Amino acid sequence: MKAILSIVWKEFLQLRRDRRLFPVLFVSPIIQLLLLGYAANLDVRNIPSVVCDQDGSAASREFIDKFINSGYFSIAARVGRMDEIDHFLDNGHASMAFVVPPGFGDDRAGGRPARVMIIVDGAESQTATIGVNYANMIASRYAQGLVFERLARLKGLGIRPTSVEAQVRVWYNPELKSRNFMIPGVLGLILMIMTMSLASMGIVREKEAGTMEQLIVTPIRSSQLIIGKLLPFALIGLVEATFVTAVAKFWFVVPVRGGLGLLFVVCLAFMLNTLGIGLFLSTISKTQQQAMFTTVFYMMPMILLGGFVIPIENMPPFFQAVSHLIPTRYFFIMIRGLMLRGAGWPEIWDQVASLTALGTVILSLSIFRFQKKLD
């Protein structure tokens, strides 16, 4: 234990002397958290739209106002002809267009089907899908209001409209803020980036400086060397996890309903994986630059297949199966459950067990390869 603590102390001294590394450790997470916390927003509002009202009646203006007043759409331009719409969609100045043909008001007054055209820019598929859903919802409510208005005039004849009203209750995130979904995932990204980078580049830095050979010839065993090298990075990861959780709760007002002790247990299980991967990358890299690029290469599938943005359920079956080998899959599920749903040990023990087992395998293989490299 004394030998391990000596190596840990050496690592902290080395981190303190490296002035370039301090901003990476403590300033970079702050910038990442603020950028992702504000920029990574999946809420779609104020979709720029072009309005082509060829009817010009009070009914058509009322219909268009339903869309604008909803807050989901904003007017980018008003045009008089349909061929003028192409300019705004082609240049990206608008994502949707509403076309009200002549006779809309007369058809509505006469009880005939009144048709409108909604044009959507499908290049941004996510915005287009959400915009179409919003438009269909608003148009359906408008049509439903016309039906109820017409039936209200027939009450004297004994006709009563029958409707079904769904009482929706949203649990855990009542305002449906995408920020509450994204920021817990940002904690996983910061832990992954910091611990993988430190573990891979820190050990390669010893090789470049020629100090690894000095450590090898000392009486320290290889297991003590590995633990002493990785333990400081795990402690730094816990400090950053504490900081990110505090900023999420007090700055972004993201609820933290689960226990902090269990949250740290989840972070340790996750870092068991990331430090193991970082240690493995250090064995296949000869320079810090190579280690950095290799780390970035390994991070991409962990982000894409871990469910940070894209739900795993929406992936093809093959990639859903592959995601079971991705540590971020388990961490994102657990950290969102802890922070938003207040999940406890009975709800996440299976995820913790899977993540710990995966991390044990990864770290064991990495230690074996590292020891072989030392030999």
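Is tyrosine 142 buried or exposed? In this predicted model, tyrosine 142 is buried, with a relative accessible area of 9%.

Searching the whole structure turns up 14 aromatic pairs. One of them joins phenylalanine 63 to tyrosine 142 in an edge-to-face arrangement, with 5.1 Å between the centres and 70° between the planes. This pair links distant parts of the chain: phenylalanine 63 belongs to helix α3 (residues 58-68) and tyrosine 142 to helix α6 (residues 125-152), 79 residues apart. Phenylalanine 63 is buried too, at a relative accessible area of 5%.

Another pair brings phenylalanine 67 together with phenylalanine 98, and here the geometry is tilted. Phenylalanine 67 lies in helix α3 and phenylalanine 98 in strand β3 (residues 96-100), so the contact ties together parts 31 residues apart in sequence. Phenylalanine 67 counts as buried at 1% relative accessibility, and phenylalanine 98 is buried at 2%.

Here are the two pairs side by side:

| Pair | Centre to centre | Angle between planes | Geometry |
|---|---|---|---|
| Phe63 and Tyr142 | 5.1 Å | 70° | edge-to-face |
| Phe67 and Phe98 | 4.6 Å | 45° | tilted |

The charged end of arginine 336 sits over the ring of phenylalanine 181, at 3.7 Å from its centre. Lysine 249, for its part, lies over the face of phenylalanine 250, 6.0 Å from the ring centre.

Methods:
Residues are numbered from 1 along each chain as its sequence is written. This is a predicted model: local features need pLDDT of at least 70, side-chain atom pairs count only at pLDDT 80 or more; totals for chains, interfaces and linings use all residues. Side-chain values use heavy atoms; hydrogens and water are left out. Rings of Phe, Tyr and Trp (its six-membered ring) pair if their centres lie within 6.5 Å; planes under 30 degrees apart count as stacked, over 60 as edge-to-face and the rest as tilted. Helices (H or I, at least four residues) and strands (E, at least two) are DSSP runs, numbered from the N terminus. Buried means under 20% relative accessible area, exposed over 50%, partly exposed in between (1.4 Å probe, protein chains only). A charge sits over a ring if NZ of Lys or CZ of Arg is within 6 Å of the ring centre and within 35 degrees of the ring normal.
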